[in-house]
Amino acid sequence: MTPCNAARPDAAAPRRIEHADGRHIAMPLGGIGTGNVALCADGALRQWQLHNIGNHKGDLPGSFFALRATRIEPPLDEVRVLAAPPVDGPGTPLVTDDHVPGWQRDLLARERGVEGTTFESTYPFARIDYRDASLPVRVSLEAFTPLVPLDVARSSLPAALFTFTLTNIDDLPIHGQLGATLQNAVGHDGVSPITGTAGPGYGGNTNRVRRHGGWTAVVMENAGLPAAHPGAGQMVLCADSAAAGALPQWSEPEEFFAYLRGRAPAVDAARSRHVPYLADTMVSGPNPAEGPSPAGRTWNAGLAVPFRLAPGERVQIRYVMTWWFPNRYVNFTQFGPQHTEWGPTRFWLGNAYATAFPDAVAVAEHLGANWADLEADSRAWTDTLTSGSLTADTAERMAAQAAIIRSPSCFQTADGAFFGFEGVQGASTVMWAGDVGGSCPLNCTHVWNYEQALARLFPSLERSMRETEFDVMQAPEGYIPHRVISPTYLPQLWDVLIGGPEEPALDGMLGTVLKTYREVRQGAGEDWLQRYWPNVRRLLDHIRAKWDPDGTGVLRGIQPSTHDIDLCGVNSFMGTLWLAALRAAEEMARLTGEPDFAAELRGLFERGSAAYDELLWNGEYYTQVLEPGESREFQWESGCLADQVIGQWWAHQLDLGYLLPREHVLSALRAVVRHNLRTGFKDFDHVFRVFADEDDTGLLMCTWPEGGRPAVPTRYADEVWTGIEYQVAAHCLYEGLQEEGDAILSGLWARYDGSRRNPYNKIECGDHYVRALAGWSVLDVITGQSWDATTGTLRVALPPDGGSWPVVTGTGWGTLRRSGVAVTLECASGRFDLNRLALVGPDGESAGEHAQPVVVARGEELTVEV
């Protein structure tokens, strides 16, 4: 097993996966809050989720890529759907990423697909190599949606970009067409099944051809819809060719294949210069259907880009799909009491991306004009991850963290506020909430407690969540319910039963304190802290009054938690979060000029630290101690909880020091891995949801190595949660427990390697579950990275000689590169505004520093000798 943070022996390429081995791979294409379509390992497009609602079964029949390759002499005429045939296998519990819709199966049964495909990816880029020995043309595809960390606007484009490379591997000239098709889905609800071109919401759909700036596009609309209709909007399919032919309105795939086969090698592209709406520049082409689609039906559209290739010659052809659906509504069932007085209302939320562009045509024009820059900056990011000293697995998995942020689990309303579900409903939620829409709305504080990737990649969006917590969610008494009601002007969840758990989650409130300090360190600024410090104090006052009125430093009583139940007694899960929150609040008190309050918090912390250790340490790990009369239901007592020292994980990220004796923390982590990391689940008695099975390795939430399991144990005790695995693995690495950390990560990544689960879709209570965003902390600990904007200090571990680490602060990102005694910080985007660059050696000691203020702008460098 290669350690996850070992230096790479070379700049190895991402994993190449045969489609038969990666049948669960579905990489989402789309921006932050825009919806997605997924590119699968077999080359097909699936999981269409453009309509402001998550739906893994979302489908647009008749949407595919195709190739026609012809040769005059000796005669040859081959047409292929650019997708490999389905490979069926045993199902995986609670997983649907391997689902291939019936129309794709039927299409490949009628029209020949390629023999096979190979997939590789470093998100947001994916490459498909199509393999077919009978074709005289080698075909590959690179797909992406722009992703530039810290730049929300350029990372929020409603588009999927495709670059096909065709190479003539024959010894004679080859010509043909590369085709792309798309269904006009304007008016659809994003939920109801579509049969061919028939579906609810369809009718009155029109497709028109638009030629502009060397691009050929089909613009898809439905003028009969009211402007506020949930499905109102626009879609565009365009190709970077003025000579492209268009079949703008058709219903059956055979019509498009007949169109491809009927194309002549010579076309009069110049005709379109004077007639920009001209569908076909070939005078013998078919007469396409015209006018709006009939009631209940829509149109498909297709483009065909011609090519001519001499032997050995290659050409690149680019396609873009853009969409624009501005009317996001509250289409999810919210927690708390039902308000029948709201009647049938679906409150309008809107989309931030739709305020940046007037329609999908404008998005397509923006991409056409800025493709090179957007691709270069997105590739600079993936190069930052892959060209250095991270292992290939680590680079690939850390890059994929951003896929969750850009899944339907997250959205940004028209006013710019950022919101997140816990995940997207799917097979893991169908038994209680259905399999369409957002799972467990909204901004669940205790689940988002684990997330670190958004805070590092897009800190302005993370700050938006804190502002919602303080400006909207916080009750007059100071507490913060763990869910927000949307729109935010509606009554919030004050003094009512919430759900998951019923009372406001204490761990979520403690996390709000920690996250507030994190945002300050990320660069929120002194004014921002001064604005929200009174809110933090009110929150702390409420927590102290309710759970520690005597000032012991120990929380007691009913403590609602992320396990969807009420914890009781004294426990280190809530306790270490509390201790970390006290330390974070102490640091913020010093920043706001309140040294007396800081000293008060320090005293409370010290009393609590000593008491928790004395009460809960059993010589190997931390347990739970119930008070007399407290119920044993849903507790763990003598059990070994995976999350038992979660607050220490937070403390390491925020440079807060140790909360409990270091030797006890190390022992507890070793115990968690020893007792809870299980390999092989074939004989495991699953009484909860199955997130690990067969020969999988996974970290159980809780075990009872010495017996004493309660009759009703803590809920989800026998489940394997990726967010907890990432949290515990990163914490192990922080403590130098390399073997333990690697064992957890190896098991997690093997479960989600594409063969039985999707590496872009971590599942818990829904797909694309946000707790898995804890994974970013793995990158921070591997690189030894810590950024504190309050002092302008960037601390990074010394890379291996000849190696480098990716570096991300709140204002810029780039690379820290080492060559002999010279260590160079290179800025690839934004700027590094530093007062001090501190390098740390393998022994934790200082290895060199630059201790003077300096600004390193994009394209600039700062070199330090070690």
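Cys732 is buried, at 0% relative accessibility. Cys827 is buried as well, with a relative accessible area of 6%. The model, which is predicted, holds zero disulfides. No pair of cysteine sulfur atoms therefore lies within 2.5 Å.

Strand 13 spans residues 215–221. Six of its seven residues are buried, so the strand is largely enclosed by the rest of the structure. Strand 13 has partners in strand 12 and strand 14. Strand 12, residues 206–212, pairs with strand 13 in the antiparallel sense over seven bridges. His212 stands opposite Trp215 of strand 13. Two residues separate the strands of this hairpin. Gly213 takes a positive phi there, near 60 degrees. Strand 14 covers residues 234–239 and also runs antiparallel to strand 13, with five bridges joining the two. Within that pairing, Val218 has Leu237 of strand 14 as its bridge partner.

Backbone geometry was examined next. Two cis peptide bonds are described here, one from Glu73 to Pro74 and one from Ser486 to Pro487. Omega is about -15 degrees for the bond between Glu73 and Pro74. Pro74 sits in the loop between strand 5 (65–71) and strand 6 (76–81). For the bond from Ser486 to Pro487, omega is near -5 degrees. Pro487 belongs to the loop between helix 9 (459–473) and helix 10 (506–524).

Gln47 has a phi near 55 degrees. This residue is part of strand 4, residues 45–49. Gln47 counts as buried because its relative accessibility is 7%, below the 20% limit. Tyr716, which is not a glycine, has a positive phi of about 70 degrees. Tyr716 lies in the loop between strand 29 (702–703) and helix 16 (722–734). With a relative accessible area of 12%, Tyr716 is buried.

A nonpolar patch lies on the surface. Val430, Met431 and Trp432 form it, with about 330 Å² of accessible area together. Met431 is placed in the loop between strand 20 (423–424) and strand 21 (438–439). At 53% relative accessibility, Met431 counts as exposed.

Across the whole structure, 56 salt bridges are found. One of them joins the side chains of Arg105 and Asp88, at 2.7 Å from N to O. Arg105 lies in helix 1 (residues 102–110) and Asp88 in the loop between strand 6 and helix 1, so the pair ties together parts that are 17 residues apart in sequence. Arg105 is partly exposed, at 31% relative accessibility. Asp88 is exposed, with a relative accessible area of 56%.

A salt bridge also forms between Arg521 and Asp788, whose closest N and O atoms are 3.5 Å apart. This pair links distant parts of the chain, 267 residues apart. Arg521 is in helix 10, and Asp788 is in strand 30, residues 786–788. Both residues, Arg521 and Asp788, are buried.

Arg831 and Asp833 form another salt bridge, with 3.3 Å between the closest N and O atoms. Asp833 is partly exposed at 39% relative accessibility. Arg831 is partly exposed, its relative accessible area being 39%. Salt bridges also link residues into a network, made up of Glu462, Arg466, Glu469, Arg518 and Glu519.

Note on methods
Residues numbered from 1 in each chain as written. Predicted model: local features only at pLDDT ≥ 70, side-chain atom pairs only at ≥ 80, totals over all residues. Heavy atoms only, no water. Buried < 20%, exposed > 50% of the residue type's maximum accessible area, 1.4 Å probe, protein only. Helix = DSSP H or I, 4+ residues; strand = E, 2+ residues; numbered from the N terminus. Pairing = 2+ DSSP bridges. Patch = residues over 30% accessible without salt bridge, like charges linked within 9 Å, V, L, I, M, F, W, Y side chains within 5 Å. Areas by Shrake-Rupley, 256 points an atom, 1.4 Å probe, with all protein chains shown as cover. Salt bridge = Lys/Arg side-chain N within 4 Å of Asp/Glu carboxyl O.
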